[in-house]
Amino acid sequence: MSVEKVELSSDCFRGLLGHSFITSQEEVLGILFGDYDEGVVRIWGSKSLQRNCKEKDRVEVDDIQLSEAMDHAEELSRSIQQASTVKGWFHSHPNITVFPSHVDIRTQHALQSLGREFVGLIISCFSRDQHNLEKIDLIAFQTINNKAKSIQVEIVSPLKLLKQPELMIMHDCFDYLLEVQRNILREEQQAYESTKRNVNALGAVYNASLFNLSISRLLQKSLLPLYEYIKQKHSMDKERLDRIIQENKEIEAKLAARAAKEKST
Ligand SMILES: [Zn+2]
């Protein structure tokens with residue numbers, strides 16, 4: 001049976017979207033986790049990947065990354081107590097249309113050897129429509145007969161996909177976005193370390209100042225906004241929780257009053 005639809009959890013979509021908007025210069029990349037049920041690929045988890053090549057339109061997933069993804073699937077399954085396997089990959093198309101390139105179609109074809117239900121997701125961002133308004137596109141696709149076949153995507157509540165959604169907290173979109181930041185930091189550190197060989201004193205100072213600049217940018221443009229967002233979300237969640245606790249108390253009081261009334265009559 002072929003894949004007819006992809007159900008993507010809204011939490012997972014939020015993570016992928018946040019990741020796509022990290023940079024307009026390069027395509028970003030991740031692996032998707034979930035299960036498959038009667039023609040529907042259901043996705044609730046994701047893991048960001050470090051790019052192994054920085055050329056335009058050349059995102060590919062290598063074997064080491066795939067084996068790490070399998071380990072992650074096992075960890076995710078254990079932690080949410082629900083079988084989760086690698087079900088697809090995702091990458092962004094900054095400044096270009098959402099349609100898969102020839103490289104994407106070839107990569108997708110190779111990855112389908114992992115399972116017939118393996119899907120590719122692409123998010124197009126930083127692009128504008130004919131009215132000059134910013135727009136975001138999302139597609140799912142598979143490679144059939146060397147051509148891309150697009151698949152319907154529905155963004156659904158995690159409650160629809162997960163048996164115990166509260167257990168997802170360790171692997172939710174915030175965890176995903178933190179991993180994205182760690183990956184960027186690692187990339188910057190690796191780039192800086194590689195400049196340390198065969199360099200004179202002046203070059204070393206120059207490289208160190210460039211490294212400082214990129215770390216400050218990361219802090220200012222990425223980490224601090226994420227921190228502020230998480231802080232705001234936390235206070236909104238707390239408000240909501242307080243309201244639910246209050247409503248609960250009122251319902252309990254009403255029930256107790258009714259029970260007392262029934263007892264006395
Ligand atoms: Zn692409």
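Analyst: A cavity here is a set of grid points where a 1.4 Å probe fits but cannot get out, and its lining residues have an atom within 4 Å of a point. The model is predicted.

Start with the cavity. A search of the whole structure finds 1 cavity of 30 Å³ or more. The volume of the largest cavity is about 30 Å³. Its lining consists of D11, C12, G15, W44, G45, S46, H171, D172, C173 and Y176. By class, the lining holds 4 nonpolar, 4 polar and 2 charged residues.

Now the packing of α5. Helix α6 spans residues 201-264. The axes of α5 and α6 lie 10 Å apart, at an angle of about 175°. Angles over 145 degrees count as roughly antiparallel, and α5 and α6 are therefore roughly antiparallel to each other.

Which residues make the contact? From α5 come F174, L177, L178, Q181, I184, L185, E188, Q189 and Y192. From α6 come N207, A208, F211, S214, I215, L218, S222, L223, L226, Y229, I230 and K233. The contact residues divide into 14 nonpolar, 5 polar and 2 charged.

Last, the domains. The assignment for the protein chain gives domain 1 as 5-168 and domain 2 as 195-261. The centres of domain 1 and domain 2, taken over C-alpha atoms, are 24 Å apart.

Technical notes: Residues are numbered from 1 along each chain as its sequence is written. This is a predicted model: local features need pLDDT of at least 70, side-chain atom pairs count only at pLDDT 80 or more; totals for chains, interfaces and linings use all residues. Side-chain values use heavy atoms; hydrogens and water are left out. On a 1 Å grid over the protein atoms alone, a cavity is a set of points where a 1.4 Å probe fits but cannot get out, and a pocket is an open set with protein on both sides within 12 Å along at least five of seven lines; lining residues have an atom within 4 Å of a point. Grid points are joined across faces, edges and corners, and a volume is the space filled by probe spheres set on the points. Ala, Val, Leu, Ile, Met, Phe, Trp, Tyr, Cys and Pro count as nonpolar, Asp, Glu, Lys and Arg as charged, and the others, Gly among them, as polar. Axes are lines fitted to C-alpha atoms, for helices over the stretch in contact, and angles run from 0 to 180 degrees between N-to-C directions. Helices (H or I, at least four residues) and strands (E, at least two) are DSSP runs, numbered from the N terminus. Angles under 35 degrees count as roughly parallel, over 145 as roughly antiparallel, 65 to 115 as roughly perpendicular and the rest as oblique. Contact means heavy atoms within 4.5 Å. Domain bounds come from an automatic or database domain assignment.
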